[in-house]
Amino acid sequence: MSSFFQVYAENWSDWWPQLVPAMWNTVALTASSYLLAVVLGIILALGKLSKNRVVRALCKGYIEFVRGIPALVILFLLYFGLLPLGIVFDPFTAAVIGLGMNQGGYMAEVFRGGIEALHKGQREAALAVGMTPFEAYRHIIIPQAIRIVLPPLLNMLISLLKDTSICSLIAAPELMLRAKDIAAMAFRPMHIYLLVGVLYFMMAWPLSMITRRVEAHMRRGRRSTA
Amino acid sequence: VIQTSRVRAVRFLVDVYVEIFRGIPALTLLFILYFGLAYSRIRIESVPAAILGLGLVGGAILTEVFRSGFEALHHGQREAALAVGMTPIMAMRYIILPQAVRITLPPIGNYAIGLLKDTAIVSAIAAPEIMFYARNLVTSTFETTIIYVLVAILYFCLSFPLARIVGRLEERRRSWQ
């Protein structure tokens with residue numbers, strides 16, 4: 001057992017400087033694809049609730065399809081599949097777009113659920129007191145929807161963080177790819193992958209703690225208003 | 001089931017298991033099992049490694065699903081069952097489980113869909129599934145676009161019926177609530 005840890009002690013100065021920037025890349029990848037997913041999700045959710053039938057069908061089709069295929073397939077399509085058509089992404093961009101497109105589909109459902117959970121009367125009342133539809137969204141619907149939507153959104157951030165690991169398969173420069181490189185050079189796969197597992201856990205755990213807090217907080221809030 | 005247990009040590013161990021496996025990516029776990037253990041001379045074939053890895057992660061997710069299912073039931077249910085003379089096991093068997101199963105069925109279905117799609121990453125440890133064959137085909141034919149579009153359609157054909165069934169279940173649940 002002690003020799004197991006000794007490997008870490010010996011290689012720490014070599015591995016750590018490589019893993020830290022990779023971790024930041026993972027964080028950057030998570031953040032940018034999350035942002036894209038949120039924007040896409042809002043657009044799709046509004047599209048799915050729109051009165052225009054074509055828009056609704058398009059958004060619905062997109063959501064169903066994206067939720068039906070693995071993120072990895074989207075990544076491969078974007079990165080390798082578009083090459084013959086002369087569209088070349090660098091791995092990081094492909095990863096952001098791919099994960100963003102994938103999570104956007106899920107986000108859309110979360111947002112739609114949040115908006116639909118509000119009673120229709122809310123919107124009607126807002127319109128009745130003379131708000132424009134846009135004002136109704138801005139001041140009445142969205143502030144309330146956010147309370148419903150926030151916990152699932154945070155949960156999705158956690159799963160997105162873990163999903164970034166599959167971007168290593170299209171050679172996006174993140175934690176898992178670096179780990180593979182080091183493992184290939186050092187012939188210490190067990191040590192590296194365990195360490196990386198711990199690193200992912202250290203990133204995900206605080207997030208899940210925060211999520212639990214927010215969940216409890218929101219539940220309390222809803223009960224008191226009910 | 002165990003997470004609602006009253007024995008603190010048991011509960012603590014399960015908590016730790018759930019937190020750990022929800023906190024690390026499935027891909028990392030697969031690599032630990034497949035490449036990591038191989039180094040310590042424990043050789044696992046890719047398919048068992050894939051099943052074990054995805055199963056360990058899934059177990060943690062489903063634990064949370066079941067726990068919320070049990071917690072959604074009012075604890076009066078259990079107390080009432082005990083009050084009419086049922087043993088705790090009988091109460092679990094006849095009162096709690098049948099109701100909890102109904103509540104948890106839709107999330108379990110959703111998880112099944114998620115798992116179906118997660119199997120794609122198993123291609124990274126060379127387990128022979130759709131994605132793995134697709135990558136092999138691509139390297140021999142260079143028809144990347146067509147093959148990956150086809151794969152996407154295949155996955156969709158697999159998961160869409162599942163999604164429909166889950167949707168039905170959810171509707172039924174809403175209707176009797």
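**Starting from one serine**

Leaving aside residues up to four places away in sequence, A:Ser165 touches A:Glu174, A:Met176, A:Tyr200, B:Pro25 and B:Leu27; contact here means heavy atoms within 4.5 Å. Keep in mind that this is a predicted model, where local features need pLDDT of at least 70, side-chain atom pairs count only at pLDDT 80 or more, and totals for chains, interfaces and linings use all residues, while side-chain values use heavy atoms, with hydrogens and water left out. To find your way around, count residues from 1 along each chain as its sequence is written, with chains lettered from A and ligands numbered from 1 in the order in which they are written.

So where does A:Ser165 sit? You'll find A:Ser165 in the loop between helix 6 (133–163) and helix 7 (175–186) of chain A. Helices are DSSP runs of H or I with at least four residues (strands, E, need at least two), numbered from the N terminus. A:Ser165 counts as buried, at 1% relative accessibility. The cut-offs are under 20% relative accessible area for buried, over 50% for exposed and partly exposed in between, using a 1.4 Å probe and protein chains only. A polar atom of the A:Ser165 side chain lies 2.8 Å from the backbone oxygen of A:Lys162.

Now hop over to chain B for another serine. B:Ser123 lies in the loop between helix 5 (88–118) and helix 6 of chain B, and B:Ser123 is buried, with a relative accessible area of 3%. Not counting residues up to four places away in sequence, B:Ser123 touches A:Leu72, B:Glu129, B:Met131, B:Phe132 and B:Arg135. With B:Arg135 there is a side-chain to side-chain polar contact at 3.1 Å. A polar contact is a pair of N or O atoms within 3.5 Å; within protein, one must be able to donate a hydrogen and the other to accept it, and residues adjacent in sequence count only if both atoms are side-chain atoms. B:Ser46 is 77 residues away from B:Ser123 along the chain, yet their C-alpha atoms are separated by 9.2 Å.

Chain A brings 36 residues to the contact and chain B brings 32. Together the chains bury about 3,100 Å², 72% of it on carbon and sulfur atoms; buried area is the accessible area (1.4 Å probe) that two parts lose on being put together, summed over both. The rule finds one salt bridge across this interface: the side chains of B:Glu19 and A:Arg212, at 2.9 Å from N to O. A salt bridge is a side-chain nitrogen of Lys or Arg within 4 Å of a carboxyl oxygen of Asp or Glu. There are also six residue pairs in polar contact across the interface, both residues at pLDDT 80 or more. On chain B's side, the elements giving two or more residues are helix 1 (8–23), helix 2 (26–39), helix 6 (130–141) and helix 7 (144–176). Helix 7 of chain B supplies the largest share, 10 residues. By class, that side has 20 nonpolar, eight polar and four charged residues; Ala, Val, Leu, Ile, Met, Phe, Trp, Tyr, Cys and Pro count as nonpolar, Asp, Glu, Lys and Arg as charged, and the others, Gly among them, as polar.

Over all chains, the structure holds five salt bridges. One of them pairs A:Lys48 with A:Glu109, closest N and O atoms 3.0 Å apart. A:Lys48 lies in helix 1 (residues 2–48) of chain A and A:Glu109 in helix 4 (residues 91–117), so this pair ties together parts 61 residues apart in sequence. A:Lys48 is buried at 13% relative accessibility, and A:Glu109 is buried at 17%. A:Glu109 also meets A:Arg112 in a salt bridge (3.1 Å, N to O). Another bridge joins A:Arg178 and A:Asp181 at 3.0 Å, N to O; these two are three residues apart in helix 7 of chain A, about one helical turn. A:Arg178 is partly exposed at 28%, and A:Asp181 is partly exposed at 31%. Shared partners join A:Lys48, A:Glu109 and A:Arg112 into one salt-bridge network.

Last, confidence: chain A averages a pLDDT of 84 and chain B 79, pLDDT being the predictor's confidence in each residue, from 0 to 100. For the complex, the predictor gives an ipTM of 0.72 and a pTM of 0.78.
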